[in-house]
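Please look at the sequence and the 3D view first.

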Amino acid sequence: MFKPFRTAAVLGAGVMGTQIAAHLANAGLTVQLLDIAAKGDNKNEIVETAFKKALKQSPPILFTEKTARRIILGNFDEHFHRIANVDWVIEVVVENLAIKQDLMARIESTIRDEVVVSTNTSGLPINQIAQGRSESFRQRFLGTHFFNPPRYLKLLELIPTPDTDTQILARMQWFGRIHLGKGVVVAKDTPNFIANRIGMYATMLGIKGVTEQGYTIEEIDTLTGVIAGRAKSATFRTADLVGLDTLMYVARNLYPAIPNDESREVLRVPALMKKLVETGTLGAKTGQGFYKKQGKEILSINPTTLAYEAAKPLDLGDIEGIGKIGNLGDRLRKLYHDPGRAGKFFRQSTLEILGYSARRIPEIADKPADIDRAIRWGFGWELGPFEIWDVLGFETVLADMKAADISVPDWVEKMHDNRVHSFYRQDRLSWAEQKVVEACAVCISEQPKAPTDEILIPAIKEDTKNILWENSEASLLDLGDGVVLYEFHSKGHTLTLKVVEGLAQVLDIIENSDYRGLVIGNESANFSGGANLAEMAMLAQTDNGKGIADLIVKFQALLQRIKYFPKPIVAAIVGRVLGGGCELVLACPHVVAAAETYIGLVELSVGLIPGAGGIMRMVTWANDKAASESPQDIQPFLRKVFETIGMAKVSSSAYEGQELGFLSPTTKIVMNSDRLLSVAKEEVLCLDRIGYTPPTERNAIMVLGRQARAMLEHAAYVMQQGGYISEYDHYLATRLAYVMTGGELTAPALVDEDYLSKLERESFLPLLQQAKTQERFAHTLKTKKPLRN
């Protein structure tokens, strides 16, 4: 069993250094963040200025504000001795070999013999940085290439040298995956390693589409974005975010470093990029790059005149129709075979990328799986190059490459000769089995095992042997060992009628069978967007609202049943968990959450208040946080709940979700979302083994009555007068305060859960008929954004 790192030192407080330090602190480490000493009296000025700037970044680099306390600032002159007491030293200073080598000598003279040392360089040979150091030092030295921003981008490339101890490498793989939540790929010590080598090639092909092939910037971003299973920022928006000067620096260093790369001319810095950098047009950090926002309009640069112009209509045929194809494989095949301009660029660029990736084996990686993982985790592609090749058809792509005179390496030709027509096994496991295997389904206390190379593409639904029950929007799947998974796959993973009814049926199945417990989760990056607004609006207009009233009663009863179910139920959540989805999680007695969980009761943003137990459970949380049932002890926590729900706050992490009261202190938080189902399954098994007992029903919740309601209403009035909320927001806040304080109760009193649930229903339903609520519904359904009318 490996020992986790508990302390670390990050040397260099630049953009990457501060963010790496922040992510290590997110993972629970105490971090020394050091940089060169300033010349004035305050030698920490450089590191303090850098850290203050980093704390203002959006999205935030820390899970909570308190996490910053784990980062201790210092400078090389006064505090370098601190690194003697850490477990791991990461060097992130300027990309200068001599400076790095000198720093390594100083590190070696300071640290203990067991300390691991790594460099985050992306442009220098890892082996050269450790030249001149002792054998013991070199055995504990390697490259750890984080991607920016480290908190949000999954890829961590580990680059061992010939001297790196295999146990050190294994420990770093384990720690990176389990504790840092990373997708870890072991890369070779070649220029730009794996992801940036392939990613830079794909980026340059996109730029050439504009400069040499007559496509517009918007057309290339359309063809290299979501429609192709890539990140929404596509080619040019990504370039602007990274910085055109940074891209040019990488390309200029890469080109001379790969003299034997047959395709390196593609990687030569384009003249357009040189011109933009020379004029200080560097992208997002200067307010303009390939794109520029002018008022509400997004302009793009004319590559000839360098003037910014409004987007021209796309000349890509039926690109909208192709974009509506839900299945990625079908969409890619349709785009690949498109006879027009869209297909021409996508087909040629895809063949070039796949051919280049194949030719880089074994130069940068030994296996297709490593390249696929690096591109998926580093650049946000849904499928890596070789997965795309499989989806398009091995023989189809191979024949088209030869027709286009694209060089194919011998190992691919041998696959063809041996009638091997896929880079991955085709006898795949069922979806549920895959998710557990991919996540390394072992007890939390056991040593994790590496996922198999053959199981990479998720959600293979053809094999349905593990589906125990299903309707059109939900399924019950067998995870093995008596544990089952309720997965809902409605649009946006909303809680539709079929999802709610299906969950009720599933509880009947589990209660009347030998199953040991239930996990509630799904395969999406987001757990649930809440109730289906379109469905709610339709129900509210039928039978004088009787349909929605019945639904609220049923949903409240269902969540109460979940809370006190006789067998363990564990919610496995990640991403957005909003509105009704949050209420579902609040009802689950046990939760496993990915660290990147954004949870909140956002009903006020659509003109409602929580109506399925959310208010009741948050008032209960305020009771539990207070030192006693005395109103003065409860009141501060009640006001916090009022502000949280009233402002529709959403946590920026699972840890902040705990601070806001949406997640309990006992919530299991995992850094790597790929492990959610395996950890949730083990939680069910653990609860079952010890003899599961459901929570005790809460029959005494202290509500504070009219006086507390007046206090909350006054707080909302002040917010309105200050211009922070609208008049209708104020009205909604008064309805929220009414329920939270017990309705018409004139004094503090103990009530039961049913009492508060009834108040929720009675206040929720009339709001649906309000004109301003209906305006908010319509606006949100149309724009996917809230309206503050």
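The points below cover strand pairing, a helix on a sheet and one threonine.

The model is predicted, so local features need pLDDT of at least 70 and side-chain atom pairs count only at pLDDT 80 or more, while totals for chains, interfaces and linings use all residues. Residues are numbered from 1 along each chain as its sequence is written, and side-chain values use heavy atoms, with hydrogens and water left out. Helices (H or I, at least four residues) and strands (E, at least two) are DSSP runs numbered from the N terminus, and two strands pair if DSSP finds at least two bridges between them.

**Strands E1, E2 and E3**
- Strand E1 (residues 7–11) runs parallel to E2, joined by five bridges.
- Strand E2 also pairs with strand E3 (residues 71–75), again in the parallel sense and over five bridges.
- Leu-33 of E2 stands opposite Val-10, and its bridge partner in E3 is Leu-73.
- A right-handed β-α-β unit is made by E1, helix H1 (residues 15–26) and E2; another consists of E2, helix H2 (residues 45–55) and E3.
- Right-handed means that, with the strands pointing away from the viewer, the path from the first strand over the helix to the second runs clockwise.
- Strand E2 (residues 30–35) is largely enclosed by the rest of the structure, because five of its six residues are buried (under 20% relative accessible area, 1.4 Å probe, protein chains only).

**The seven-stranded sheet**
- An open sheet of seven strands has the order E12-E13-E14-E15-E16-E17-E18, with mixed pairing.
- Strands E12 (467–471) and E18 (668–670) are at the edges with a single partner strand each, so one side of each has no neighbour in the sheet.
- Neighbouring strands of this sheet are turned by 25° against each other on average, direction ignored.
- Within the sheet, E14 (residues 483–488) and E15 (residues 517–521) pair in the parallel sense over five bridges, and Leu-485 stands opposite Val-519 in E15.
- Helix H24 (residues 580–587) lies across E15, E16 (569–578) and E17 (590–600), at about 155° to E16; axes are lines fitted to C-alpha atoms, for helices over the stretch in contact, and angles run from 0 to 180 degrees between N-to-C directions.

**Thr-667**
- Thr-667 lies in the loop between helix H27 (654–660) and E18.
- Its relative accessibility is 9%, so Thr-667 counts as buried.
- Leaving aside residues up to four places away in sequence, Thr-667 touches Val-591, Ala-593 and Gln-658 (contact means heavy atoms within 4.5 Å).

Definitions and conventions
Buried < 20%, exposed > 50% of the residue type's maximum accessible area, 1.4 Å probe, protein only.
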